[in-house]
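Q: I've just opened this structure and I'd like to learn how to read it. Could you take me through some features, one at a time?

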Amino acid sequence: MSDKIVYRLDDKVSFRKCSLTDEDMIVHGDCTNYSTREANWTTYYCCNQNGIHYHCTQHPEIELDYVSSEYSGVVYKCPRCSKDIEIDNPKELRSKCLRLLNIPEFKDAKLIRLDDWYVPEIKQKKKTESGYWIHTNVKTDKDDDTIIVVYVGHKDDNKKVQFFIKPEKGQVTSDHKD
């Protein structure tokens, strides 16, 4: 999966665009479900999934297996977790995937990998002015646990709220009386 970019659609289905999406080619590239046809003494590869390959969102490196077709819908299955994923309208699913690929943020964007998901790099910095200030401090308590103290307050007021975060223990507490 190192060179395949997988996009998250929802909690069940993720997808990627294969190299045979736009046209048939003389090499299959990264397509994993293709057929061949002969023309002018040349073998051409074409994607059997119309250029969109579906993946399990829990296991983005695993491509979903086609199980069956029921009425107008289809059923896919993740080979790793054996979860069945029912798709009521496969044409609508493909359309959603293509619309997501055509979002301006993804067009010609440099994608950054975060926790096995690719997100577009932010090209412009936005200044968001608010009426609040924030200050942080990192300390240790008597048990030698790390405590991150976050102070938040309104710029026009001396009152503040304190959040105490103990990352090792997964605890968050607050104090608003100061």
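Q: Let's start with surface charge: which residues gather in a patch of negative charge?
A: The general idea is that a patch is built from residues with over 30% relative accessible area and no salt bridge, like charges being joined within 9 Å and nonpolar side chains (Val, Leu, Ile, Met, Phe, Trp, Tyr) within 5 Å. Lys and Arg count as positive and Asp and Glu as negative, while His and the chain ends are not counted. The place of a charge is NZ of Lys, CZ of Arg, CG of Asp or CD of Glu. Here, the negative patch on the surface brings together E70, E86, D88 and E92. This is a predicted model, where local features need pLDDT of at least 70 and side-chain atom pairs count only at pLDDT 80 or more, whereas totals for chains, interfaces and linings use all residues. Residues are numbered from 1 along each chain as its sequence is written, and side-chain values use heavy atoms, with hydrogens and water left out.

Q: Where does E70 lie, and how exposed is E70?
A: Strands (E, at least two residues) are DSSP runs, numbered from the N terminus. E70 belongs to strand β6, residues 65-70. For exposure, buried means under 20% relative accessible area, exposed means over 50%, and partly exposed is in between (1.4 Å probe, protein chains only). E70 has a relative accessible area of 44%, so E70 is partly exposed.

Q: What about R16: buried or exposed?
A: R16 has a relative accessible area of 1%, so R16 is buried. You'll find R16 in strand β2, residues 13-17.

Q: Which side chain does R16 join in a polar contact?
A: A polar contact is a pair of N or O atoms within 3.5 Å; within protein, one must be able to donate a hydrogen and the other to accept it, and residues adjacent in sequence count only if both atoms are side-chain atoms. In this case the side chains of R16 and H55 are joined by a polar contact of 3.2 Å.

Q: How many salt bridges does a search of the whole structure find?
A: Look for a side-chain nitrogen of Lys or Arg within 4 Å of a carboxyl oxygen of Asp or Glu: that's a salt bridge. The search finds six. One of them pairs D11 with R8, at 2.5 Å from N to O. D11 is exposed because its relative accessibility is 58%, while R8, at 42%, is partly exposed.

Q: Where do K166 and D141 lie?
A: These two side chains also meet in a salt bridge, K166 with D141, at 3.2 Å from N to O. K166 is in strand β13 (residues 160-166) and D141 is in the loop between β11 (132-140) and β12 (146-154), so the bridge ties together parts 25 residues apart in sequence. Both K166 and D141 are buried.

Q: Which residue forms a salt bridge with K169?
A: D145 does, and the closest N and O atoms are 3.1 Å apart. The pair links distant parts of the chain, 24 residues apart: K169 is in the loop between β13 and β14 (171-175), and D145 is in the loop between β11 and β12. K169 is partly exposed because its relative accessibility is 45%, whereas D145, at 14%, is buried.

Q: What is phi of W41 near?
A: Phi of W41 is near 60 degrees, a positive value in a residue other than glycine. W41 is in the loop between β3 and β4 (42-47), and is exposed because its relative accessible area is 86%. S82 also has phi near 60 degrees, a positive value in a residue other than glycine; look for S82 in the loop between β7 (73-77) and β8 (84-87).

How values were computed:
Areas by Shrake-Rupley, 256 points an atom, 1.4 Å probe, with all protein chains shown as cover. Helix = DSSP H or I, 4+ residues; strand = E, 2+ residues; numbered from the N terminus.
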